[in-house]
Amino acid sequence: MNAIAEISPALIPGGVVLDELVEARGPWSAVIAAGDVLTIVDLDGNQAVDCILYAAKDTSTRYSAAVTIATQGSIFLTTGSVLRADSGQKLMTVVADEVGIHDTIGGACSQESNTLRYGQHTHEQHACVENFLIEGGKWDLGKKDLVSNINWFMNVPVDPDGALGIVDGLSAPGKRVALRAEVDTLVLVSNCPQINNPCNGFNPTPVRMIVTRPEARA
C-alpha cells in the first residue's frame, strides 16, 4: 500500500522492533515489552481501532475503563493518560497523540449489538467481538476474558443529558497515537469492521502498528 511508505514512522523515535499492517476489518495482537512504544497509525483517517490490554505475565490483570476514567477524571484519552488495570496497576501510558480525543465508553460492536441497533439483516456481519475472540484465542483468552475496551481515533461525544453519540472521527490520514508499555503488555486489537455508523466513515481501512525501543533502552 503506497500510504504506508508515505507516512512518517513512529511518534517516539528508536529502534524498530515491529512494523505491521493490520488489514481493514482484521484482528491483531502483540506483546509490547516494558519501555517500548507502540505507535498506531490511522493510515486513511476516520478508522476506529478497538483495543484491550492485558499484563502479559498474568492476563487476569487487564485494562479497566472504570479505574482509568476515575483516576484521570475524564472519559477521554490523550497525551498523559495512564491506562490502568482494575488493581490500579499501570499498563500503558499515552506518550504522544496527534488527535486529542480517544473513546473509553463506546464499547465494541458485536453481531448481537448490530442486530439490536441496525436490524436483523446485519446479524451475520463480522464485528469487533468476533475479532477479539479470534485473536484472543492465540493467547488462551476467551469470552470471559473480554472487558471494556478502548476505541482509538473514535469520537463519542456525550450530550448534556448524558446521551452518547457515535459521529465522524476527529482523525485524518496519517494521524498517530503512541503508547508506552509500563509492564510487558499484551495488546489485543480489532481494526473495527463496523459499516453501519460513522466511526469508520462507513468504509473500514487498514492501520499500521509500529513498535520502537527508545535509544535509552537499546
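Start at Arg176, which is buried, with a relative accessible area of 11%. This is a predicted model. Arg176 forms a salt bridge with Glu98, and the closest N and O atoms are 2.7 Å apart. Glu98 lies in the loop between strand S7 (90-97) and strand S8 (102-103), while Arg176 lies in strand S10 (residues 175-181), so the pair ties together parts that are 78 residues apart in sequence. Glu98 is partly exposed, at 30% relative accessible area.

How many salt bridges does a search of the whole structure find? The search finds 7. Take another of them. The side chains of Asp145 and Arg62 meet at 3.1 Å, N to O. Asp145 sits in the loop between helix H4 (128-136) and strand S9 (150-152). Arg62 sits in the loop between strand S4 (49-55) and helix H2 (65-72), so this pair ties together parts that are 83 residues apart in sequence. Asp145, in the loop between H4 and S9, counts as buried at 7% relative accessibility. Arg62 is buried too, with a relative accessible area of 12%.

Asp145 has another partner. Its side chain also meets that of Lys144 in a salt bridge, at 3.3 Å from N to O. Is Lys144 buried or exposed? Lys144 is exposed, with a relative accessible area of 72%. Together, Arg62, Lys144 and Asp145 are linked in a network of salt bridges.

Now turn to the nonpolar residues. The largest nonpolar core has 32 residues. Which of them touch the most other members? They are Trp28, Ile40, Leu53, Met92, Trp152 and Val187. Strand S4 gives the most to this core, with 4 residues. Look at Met92 for an example. Leaving out residues up to four places away in sequence, Met92 touches several residues, including Ile32, Leu53, Val82, Leu179 and Val187. Arg180, Glu182 and Thr185 are also among the residues it touches.

A second, separate core has 8 residues. Among them are Ala127, Cys128, Met154 and Cys192. Cys128 brings us to helix H4, where it is one of the buried residues. In H4, 7 of the 9 residues are buried, so the helix is largely enclosed by the rest of the structure. The buried residues of H4 include Val129, Phe132 and Gly136. Glu130, Asn131 and Glu135 are buried there as well.

How many disulfides does the model have? The count comes to 0. A disulfide needs the two sulfur atoms within 2.5 Å. Cys192 is buried, with a relative accessible area of 4%. Cys51 also counts as buried, at 0% relative accessibility.

Finish with the strands. An open sheet of 6 strands runs in the order S1-S12-S3-S10-S7-S6, with antiparallel pairing. Which are the edge strands? They are strand S1 (15-22) and strand S6 (82-84), and each pairs on one side only. From one strand to the next, the twist averages 20°. Zoom in on one pair. Strand S3 (residues 37-42) and strand S12 (residues 207-213) run antiparallel and are joined by 5 bridges. Leu38 has Val211 in S12 as its bridge partner. The sheet also holds S10, the strand where Arg176 lies.

Note on methods
Residues numbered from 1 in each chain as written. Predicted model: local features only at pLDDT ≥ 70, side-chain atom pairs only at ≥ 80, totals over all residues. Heavy atoms only, no water. Salt bridge = Lys/Arg side-chain N within 4 Å of Asp/Glu carboxyl O. Helix = DSSP H or I, 4+ residues; strand = E, 2+ residues; numbered from the N terminus. Buried < 20%, exposed > 50% of the residue type's maximum accessible area, 1.4 Å probe, protein only. Core = buried A, V, L, I, M, F, W, Y, C linked by side-chain atoms within 4.5 Å. Contact = heavy atoms within 4.5 Å. Pairing = 2+ DSSP bridges. Axes fitted to C-alpha atoms, helices over the stretch in contact; angles between N-to-C directions.
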